[in-house]
Amino acid sequence: MDILLCFLNFLLILERGYAVRHRTNLVWSMSPLVNGRARIVGIEGDPNQWIPSGNVTVRHISAPHSAWQFRGLAFHYKHKMLYWSEKSKHRIQGLMLVNRSTSTQTIFTGTSKTIDGLAVDWVSNNLYSVDPKYNWIMMIALKENMTENTAVYKLVVKTDLDNPHGLAVHPQKGYLFWSDWGFYPKIEVSDLLGLNRRTIVSDNMLTPRGITIDYKEKLLYWVDSQKNTIESVQFNGNSRRIIVSHAGAKFFGVAVFEKYIFATEQLDGHLRIYDKNTGKGYINYQLGYIPYDIMMYDEESQAGNSSECDELNCDQICVNLPLSGPRCYCGDGYEMQEDQKTCEEAKLFLQPAHIYAIRDAICQYPANFGHMSLKNITLDKQCFIKTRKGFMALAYDGDQRTLFYSENVTKSISKVQLKRGEYTKSIIKGIGEVKGLAFDWMTKNLYWTDSKYQWIMVARPDGRFQKKLINENLVDPVGIVVHPKRGELYWSDPGRHVVEVSALNGGGRRNLVVTNIDHPNHLYLDFTSDVLYWADSGLNQVVSYDLDLDVTSVVYKHQSARFYGISLFQDYLVWTDQNDMNGIHIADIQTQNKVRGILHPQTGEALDVIAYDVINQPVLDGLARDNFVIAADSYQKQLYQVDLSTGDVHVIAPEIAHNRPIAVAFDPIRNMLYWTENDRAEGKVIQRVNVEGRSSEIIKALSEDSVVDGLALDHINRLLFYTDTGLDRIQVVSIDNYQICKTVVKDKLDEPRAIAIHPLKGKIFWSDWGNEPKIESANMDGTERRLFLSMSGIAWPNGLIIDYEDNVLYWVDAKQNTIESISIDGTDRRIVVHETDVHYFGITLVGNQLILSDWKSNSLKTINKSTRNGGSTQVKPIGPAAFSRLNGLTSYDSTSVIKGASGCTGVFTCDHICIPLPRLRFICACADGYQEQGSACIKTDPNATSIDARAKHNPKSSASSKYITYSNTGLSKGGVIAIAVVCVVAFIITIIAAMFLFTRWRSGRVRHERLVDSGNNQVDNFYRITFPDKHQESVSFDSGIDQYDQNQSS
């Protein structure tokens, strides 16, 4: 009876239609079951009052017409802004809840139709959205007076997403949470930039949908629409519990306020309210609509403000991370300038993007061209090479940002770096008609089909070493793709109605066993799932072929389409068509609906198309992602990874030319490998590279006298320590801003070699194999230095490693041929093993196994760490005996990564770096050449490295460098004439060149043709996404919404 009364009262007030106001509201979005308009509805007031009484004041925002559909919701309370995703025009909009405003602000246009997750970071003033069709998470800067044309965005997560749905942000902790109900349902968390990503819940999940944060209780709530549950978990994934299990409920959105949980349920259109502690049901509203997202529009849930980002005054995006403070970033397509605040348009082309050839030109569109606005878009604007050379085939090297293309007019293959201002370069000449190109990014080989000469060829990317692979029994080879991991080449030959495969050397050629095939054109290969696709213009369809199962299926069929070039991007199929449908088209594979066709029937001929995205060229090197050792080989000049599960050995970043790598260290958080190069002739440096071999950089240039034999990385405090036996010093570098380098020990060092750190205890240990061999220790800032272990007799203490679980230090002695250990408190020294004919250098620990590098046998060895007084028989070799001089070692085992809080955890006040000390204390330190004055580091040495703003955490802070206790609560006349003559000659040459270039430009310019949508194939039944048409829609259709407020009082 109570529920019925609440239901009647709810409908009565809803019909009166008050406008949603800026105050505490429970807000949700909903759509009509059959006819009518979508609404955003709010129950105004404190739920503690209206839930017990049942007296609710309902206000709503109504869509201007039936085409609109509100989905995801978010808000910025201090800005008085309500945000939503809008399905019909693929956009995110906002409305200021003041004075019954109906003037919407379009934040972004170009989303898919099903954006159900929005979240606002009110401390950095950014809005996040999650797109389940493009499978990315986007961050959009919330600026005053922004429009969809001035909006700045950054894709923060764009890999390993399947069907992301819910989104929640915790600015104070720097957490971004999202749910994903794809093939592997889970809830993930990252920092506010999409980095440091990890899964917190994955077991016993089916369809996790909406998520929300209880900021007071530090809990994450979510609903599972297939399990019919509402659940919660701590931010670290612990203490998971089911709060509500309601059979038959199809929960969609969830919100929390004090003791109440609010959930939308779509099966019968309900809003349900529960007690978050007991799961007791309080009330159930039957809405008569289909509800979607729900949230609590409330000031208390957005504590803090954006003052730090406001003061920084970033050009585009500010992100205030808890451990590093506010910092400026640029949106996608822009690059940061030297002031670390200003952004300018990037020279490199944006990824991901679709690039296609139209004979007269090569053009591009963004990845979301299926949903972007085409207002003021012309073909001329979208094309970047327009020289009318008969462009046909395309391929790319994503790592080098290079495009390869064939020119039918000049009979050549050329390349160009996809960077503004770059010149094209012809690399192969004398070709026939090249319709297909493929690039093997692992072996760096370029393959192509030639239908005139009826052959398939291969060459290096610069055109050298051309070789015919196949020149028999080919009629009209067109499409070609390469699978580096399988070592196979696939191509189509419509002249013979076949798709064929061979090894990369052309051997083992065979036809794919396919029956339903007529005129196969271009191919696309999904390397992750081993599925081959081809366009068949004879059967008006796109077909997939499972390489493992030898099974074909029709992916998409359209009777009016003559598919030629094809590509896939996430859930979308992209293809080119010709004649009346000349242009580029896109369809949703899952729904089998065509999304859009962009036509230019009077210009060019749409041919090959590619999805330009480095992610489509994954590193297929067999590298292990867990349980591995990395070793530096100074003779072979390589960095090797040894998979401890299989014994397989792989080269890390083979394209990097090493000189004499010695020490190595691994960052498990950023997946970065650090190493030293100790060759005087080639330059001594410390470098780093992603373990998959991309984006290498020098983080520290060393002097000629430096010899760095030891590295130790502290991933918790983001510090890299190294020993320099050439200069006799120990230094530390901030790995988040490596301009900051500080010397921590510089006196009374003889031959320092290895170094080990204990970040939670604030201690460093190092070995010294000089005249008085020993191991020393100190605080991480170099204070409280002491002799930890003196070695009697002749000793060569080399590698060190700390067992964090047992608090034991292990080391190798190359003179005594021993491995020894000692507790870090200086007790219980013991010999692990003693051998007779070895020369150990490096040591690391994986689980219970010590891994050693031995110069005598040029191999890796292992022994259990608990061994006492062992002999050679207990030491086992691992990996092949294929090394030459193995030096430093580092390892990774996900189960053994040290975790916890140090003295620097939660400290944001240090001007340069924070160094942890024992007993959860810390010290703020300045880089060499700087002195601390108050809370700032002031440059005192004019030759010192200038530290940019990236290093500064909080310039306004008054932290002292004294020891601070921090509780563990949380990281000359003839010359002039000569110059004048040169200038005149240069001027004349410039004029002549300009006239020549103008003539070329004018003759080669693509027609300024308006692009149109492909009419009848438009999926949207309500309107066409095209140029403004004053006869088509009213002004209010695009910008206005109705807010009904019959009661004019506020």
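**Ground rules**

I number residues from 1 along each chain as its sequence is written, and I use heavy atoms for side-chain values, with hydrogens and water left out. The model is predicted, and I ask for pLDDT of at least 70 for local features and 80 or more for side-chain atom pairs, while totals for chains, interfaces and linings use all residues.

**Entry: overall counts**

I started with the whole protein. I find 6 helices and 82 strands. Both are DSSP runs, numbered from the N terminus: helices are H or I of at least four residues, strands E of at least two. Of the 1050 residues, 58% are buried. Buried means under 20% relative accessible area, exposed over 50%, and partly exposed in between, with a 1.4 Å probe and protein chains only. The accessible surface comes to about 43400 Å². Carbon and sulfur atoms hold 48% of that surface. The areas come from the Shrake-Rupley method with a 1.4 Å probe, and for residues only the protein chains shown count as cover.

**Entry: nonpolar cores**

Next I looked up the cores. A nonpolar core is a set of buried Ala, Val, Leu, Ile, Met, Phe, Trp, Tyr and Cys residues joined through side-chain atoms within 4.5 Å. The largest one has 40 residues. Tyr-83, Leu-127, Ile-140, Tyr-356, Tyr-365, Phe-369 and Ile-584 touch the most other members. Several elements give two or more residues to this core, among them β5 (81-86), β30 (362-366) and β50 (583-588). β10 gives the most, with 3 residues. I also noted a second, separate core of 31 residues. Ala-393, Ala-395, Ala-459 and Ile-517 are included in that second core.

I then followed β42 (residues 498-503). Of its 6 residues, 5 are buried. Strand β41 (residues 488-493) is joined to β42 by 6 bridges, and the two run antiparallel. Strands count as paired if DSSP finds at least two bridges between them. Asp-493 has Val-498 as its bridge partner in β42. The β41 and β42 hairpin has 4 residues between the strands, and His-497 takes a positive phi near 60 degrees there.

On to β43 (residues 510-511). It pairs with β42 in the antiparallel sense over 2 bridges. Arg-510 in β43 is the bridge partner of Val-501.

**Entry: Ser-634**

Is Ser-634 buried or exposed? I find Ser-634 buried, because its relative accessible area is 8%. Ser-634 sits in the loop between β53 (628-633) and β54 (638-643). Its side chain makes a polar contact with the side chain of Asn-887, at 2.9 Å. A polar contact is a pair of N or O atoms within 3.5 Å; within protein, one must be able to donate a hydrogen and the other to accept it, and residues adjacent in sequence count only if both atoms are side-chain atoms. Leaving out residues up to four places away in sequence, Ser-634 touches Asn-659, Arg-660, Pro-661, Ile-662, Arg-885 and Asn-887. Contact here means heavy atoms within 4.5 Å.

**Entry: sheet β56 to β59**

This is an open sheet of 4 strands in the order β56-β57-β58-β59, with antiparallel pairing. The edge strands are β56 (661-667) and β59 (697-701), and each pairs on one side only. Neighbouring strands are turned by 20 degrees against each other on average, direction ignored. For such angles, axes are lines fitted to C-alpha atoms, for helices over the stretch in contact, and angles run from 0 to 180 degrees between N-to-C directions.

Inside the sheet I checked β58. There, 6 of 6 residues are buried. Val-685, Gln-687 and Val-689 point one way, and Ile-686, Arg-688 and Asn-690 point the other way. β57 (residues 672-677) is joined to β58 by 6 antiparallel bridges. Glu-677 stands opposite Val-685. β58 and β59 are joined by 4 bridges. Ile-686 has Lys-700 as its bridge partner in β59.

β74 (residues 859-864) and β75 pair over 3 bridges. Thr-862 has Lys-876 as its bridge partner in β75.
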